[in-house]
Amino acid sequence: MPEVTRPYVPGTPCWVDLVVPDQREALDFYTDLFGWQGEPGPPETGGYAVCTLNGKPVAGIMTAMAQEGGSKPPPAWTPYLAVTDADGAAQAVLDNGGKVLAEPMDVLDLGRMAILADTTGAVFGVWQAGEFSGARVVNEPGAVVWNELNTPDPATAGSFYLAALGLANDAMEEVPDYFALKAGGRVVGGMQNLAKLPPGAPAHWLTYFSVDDTDSTVDALVRAGGSVCKPAFDMAAGRMAVLRDPQGATFAVIDATGPSPDEAA
């Protein structure tokens, strides 16, 4: 299986993780669905589980921790954009109208991270690599193949990501009302408005996982207690579906293969 061997270009989604009430349940669910391996990590990382695909890191799963006031974050997948300076990125987010939800912090000697929100409310993370650069496998079945920003105001969001993180955007002529997000001149994700989503949907990032067969993956998810937000359908890049795991976290699957890992890094 191809492996990411180069550092991620700043602005590129380099990692995704899942926050859920029941980590063990999520590990079992995604292990069965995508063929991952993963166990709760050591106490010094809060039990954070680094899931692997054929021995290479692909995504993280952690237990939702109580926030200030006692509430816990809702189940959700969060993408992390590669940065060279997490503190500088957090300040740039603030300077451009976004929010800092979790202040920059060191994760042992692995790297430095922060959790942020853009000007339209979509939550994302930034990752300053130390010994850990991010996912070692992408664009292969069972791994992340795409990250998409769904926002009520693409113009405002696009200006924010360009100013704060250097993430450019261009309209995709082959897909009306869809924008390509670019880091270092390469397409690394997408952006669209909320017109095609159910009324009241908030701004959010949606992570896509590559699969060999979208329909069989949907069937397996339903048998395991998940639910279907948008049934499988054919589109320009392949056959996809938007799904929800048994604890409520939303993600997409698609039977498409993206650019090579070296192009994504």
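Reply: Start with Ser210, which counts as buried at 1% relative accessibility. Buried means under 20% relative accessible area, exposed over 50%, partly exposed in between (1.4 Å probe, protein chains only). This is a predicted model: local features need pLDDT of at least 70, side-chain atom pairs count only at pLDDT 80 or more, and totals for chains, interfaces and linings use all residues. Residues are numbered from 1 along each chain as its sequence is written, and side-chain values use heavy atoms, with hydrogens and water left out.

Me: In which strand is Ser210 found?
Reply: Helices (H or I, at least four residues) and strands (E, at least two) are DSSP runs, numbered from the N terminus. Ser210 belongs to residues 204-210, which form strand β12.

Me: Leaving aside neighbours within four places in sequence, which residues is Ser210 in contact with?
Reply: Contact means heavy atoms within 4.5 Å. With those neighbours set aside, the partners of Ser210 are Glu140, Pro141, Gly142, Ala143, Val145, Ile254 and Ala256.

Me: Val138 is found in which loop, and is Val138 buried or exposed?
Reply: The loop between β7 (123-129) and β8 (144-150) holds Val138. Its relative accessible area is 9%, so Val138 is buried.

Me: How many residues of strand β1 are buried?
Reply: Strand β1 covers residues 13-20. The strand is largely enclosed by the rest of the structure, because the buried count is eight of the eight residues.

Me: Which strands do bridges join to β1, and how do they run?
Reply: Two strands pair if DSSP finds at least two bridges between them. Six bridges join β1 to strand β4 (residues 76-83), and that pair runs antiparallel. Four bridges join β1 to strand β3 (residues 56-63), and here the run is parallel.

Me: How far apart are the end C-alpha atoms of helix α1?
Reply: The expected span of a helix is 1.5 Å times one less than its number of residues. For the 12 residues of α1 (residues 23-34) that gives 16 Å. The model agrees, with the end C-alpha atoms 16 Å apart.

Me: Which residues of α1 are buried, and within what arc do they fall?
Reply: The buried residues of α1 are Gln23, Ala26, Leu27, Phe29, Tyr30, Leu33 and Phe34. The arc is that of the directions from the helix axis to the C-beta atoms. Seen down the axis of α1, the buried residues line one face of the helix, because they fall within an arc of 170°.

Me: Within what arc do the buried residues of α3 fall?
Reply: In α3 (residues 154-165), the buried residues are Pro154, Ala157, Gly158, Phe160, Tyr161, Ala164 and Leu165. They line one face of the helix, because seen down the axis of α3 they fall within an arc of 160°.

Me: Which residue follows α3?
Reply: The residue after α3 has a positive phi, near 70°. That residue is Gly166.
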